[in-house]
Amino acid sequence: MGFTIGGIREIRSGTRRRGRASECGTAVAEFTGLWGWDVVPGARAAAGACSCGRADCTAPGAHPLGFAAPVPAGATLDEVSKAWAEFPGAAIMLPVGRAFDVIEVAEPAGRRALVRLERMGLPLGPVAATPDGRAHFLVAPGAAAELPRLLYRMGWDDPSALDLRGLGPGDHITAPPSDRGGLGPVRWLRPPALDSATRPPAARLLLGTLAYVAHRSAARA
């Protein structure tokens with residue numbers, strides 16, 4: 001990969017000292033250089049209008065810019081800086097289905113499940129919370145396709161009734177610290193680390209707890 005942990009620390013300290021890199025640019029460098037994730041510049045929204053320029057945009061501020069090239073995993077700092085300079089203010093978006101899939105659940109249920117999973121000592125990947133009240137659990141690729149079968153084997157016939165869904169190839173998520181849809185920033189509930197970001201856990205290890213907590217949450221609503 002193109003960066004070391006020390007290198008990222010230098011980027012951060014340089015940002016503070018000289019203001020040479022934006023917060024998003026530093027995050028992109030981490031994602032591509034440390035965690036091995038591709039990154040795509042995304043649209044931003046203000047007053048309901050999307051920066052993509054389309055009046056009929058169906059997801060203002062919550063989709064990749066179709067005319068922007070992805071920044072690949074392993075990109076150098078110069079490549080990251082050059083790519084982000086072409087799209088000032090772009091949101092950071094991560095393609096799903098390559099380095100990871102995502103299990104999405106309502107944030108309150110996700111927070112409760114995260115506490116349970118940590119107490120159980122189960123392996124966990126990064127977990128993010130969106131400003132529209134969703135939690136994203138990053139898991140090993142292939143989870144989205146396997147989700148209905150895994151839930152069925154656990155006794156859950158209808159994943160939609162759990163307000164739980166899998167995101168896979170073709171989907172994108174907005175990454176911290178970017179704003180999503182003009183609603184506010186995405187934030188980490190459990191930030192990436194070398195072990196969890198580069199080797200996210202299999203979905204089956206988390207799914208039983210996520211489904212149980214999501215079902216309990218739905219029953220209370």
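Visitor: In which loop is proline 177 found?

Guide: Proline 177 sits in the loop between β9 (172–174) and β10, where strands (E, at least two residues) and helices (H or I, at least four) are DSSP runs numbered from the N terminus. The peptide bond leading from proline 176 to proline 177 is cis, with omega near 5°. This is a predicted model, in which local features need pLDDT of at least 70 and side-chain atom pairs count only at pLDDT 80 or more, while totals for chains, interfaces and linings use all residues. Residues are numbered from 1 along each chain as its sequence is written, and side-chain values use heavy atoms, with hydrogens and water left out.

Visitor: What pLDDT does the protein average?

Guide: The pLDDT, the predictor's confidence in each residue from 0 to 100, averages 87, and 89% of the residues score at least 70. Over residues 1–21, however, the pLDDT is below 50, although this stretch has 32 contacts in the model beyond near neighbours in sequence, a contact being heavy atoms within 4.5 Å.

Visitor: How should I read the sheet, and what is the order of its five strands?

Guide: Strands of a sheet pair through backbone hydrogen bonds, either parallel or antiparallel. Two strands are taken to pair if DSSP finds at least two bridges between them. Here the open sheet runs β8-β5-β7-β6-β10 with antiparallel pairing. Because β8 (164–167) and β10 (187–190) stand at the edges with a single partner strand each, one side of each is left without a neighbour in the sheet. Strand β5 (residues 101–106) pairs with β8 over four bridges, and isoleucine 103 stands opposite glycine 166 in β8.

Visitor: Which residues have the most contacts inside the largest nonpolar core?

Guide: A nonpolar core is a set of buried Ala, Val, Leu, Ile, Met, Phe, Trp, Tyr and Cys residues joined through side-chain atoms within 4.5 Å, buried meaning under 20% relative accessible area, exposed over 50%, and partly exposed in between (1.4 Å probe, protein chains only). The largest such core has 31 residues, with Phe31, Ile92 and Leu94 having the most contacts inside it. Helix α2 (23–33), helix α3 (77–85) and strand β4 (91–95) each supply at least two residues of this core, and α2 gives the most, with four.

Visitor: Is alanine 47 buried or exposed?

Guide: Alanine 47 is exposed, at 90% relative accessibility, and lies in the loop between β2 (45–46) and β3 (49–50). Its phi is near 55°, a positive value in a residue other than glycine.
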